[in-house]
Amino acid sequence: MDEWIYTEIERLRSLRMQELRARYRAVFGEDSRTAHKQHLVRQIAWRLQVQAQGDLSQRARQRALEIANDADLKNQVPPHWEATGSAPARNPQPDRRGGRIPPAGTVLHRVYRERIVDVKILTDGFEYESRRYGSLSAVARAATGTRWNGLLFFGLTQRGKQRRHGPR
């Protein structure tokens, strides 16, 4: 690859956002839809390399399209696999809760401002004060009058930084 491309890519990293957006407009012929500096640098660098060395061959482009069209195979089990027992049977109703919510029948208990909040987990929602709710966040809002992350309110998860990096 020509040395000027490396120099240009390094120069891109030192540009301000306004200058990067102008460079993007010059290279792509349209305005950028992102405000992420590193992403803009990568997009512009890719385009400069394409302009200098050429794009994918028609054969490579066709193969990429074939692979993209077959992407649904990862999510679908062929019907004959289930019939022969070669693959485990699929759960007819997948657990949408991601394993963070206890099983149906469990009662979550929380004291909020000297008031007891008890929520029963149902197979298709939640019950609080004889009313049904579709999410724990809706229950937390009904109980407190303010918006809450339901998992956080009932102690089923921790705030982001504590969960990833532990308490400081």
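**Notes on the predicted model**

1. Let's start with A35: this residue is exposed, with a relative accessible area of 58% (exposed is over 50%, buried under 20%, partly exposed in between, using a 1.4 Å probe and protein chains only). A35 sits in the loop between α2 (17-28) and α3. Leaving aside residues up to four places away in sequence, A35 touches M17 and R21, where contact means heavy atoms within 4.5 Å. A35 and Q18 are 17 residues apart in sequence, and their C-alpha atoms are 9.8 Å apart in space.

2. A word on the ground rules. This is a predicted model, so local features need pLDDT of at least 70 and side-chain atom pairs count only at pLDDT 80 or more, while totals for chains, interfaces and linings use all residues. Residues are numbered from 1 along each chain as its sequence is written, and side-chain values use heavy atoms, with hydrogens and water left out.

3. On the overall layout, the chain has eight helices and four strands; these are DSSP runs numbered from the N terminus, with helices being H or I of at least four residues and strands E of at least two. Along the sequence the pattern reads α-α-α-α-α-β-β-β-β-α-α-α. Of the 168 residues, 23% count as buried.

4. Now for a helix pair. The axes of α1 (residues 3-13) and α3 (residues 37-53) come within 10 Å and cross at roughly 165°; axes are lines fitted to C-alpha atoms over the stretch in contact, and angles run from 0 to 180 degrees between N-to-C directions. The two helices are therefore roughly antiparallel to each other (over 145 degrees; under 35 is roughly parallel, 65 to 115 roughly perpendicular and the rest oblique).

5. Which residues in α1 meet α3? They are W4, I5, E8, I9, L12 and R13, and on the α3 side the partners are K37, V41, I44, A45, L48, Q49 and A52.

6. Just after α6, G145 takes a positive phi of about 85°.
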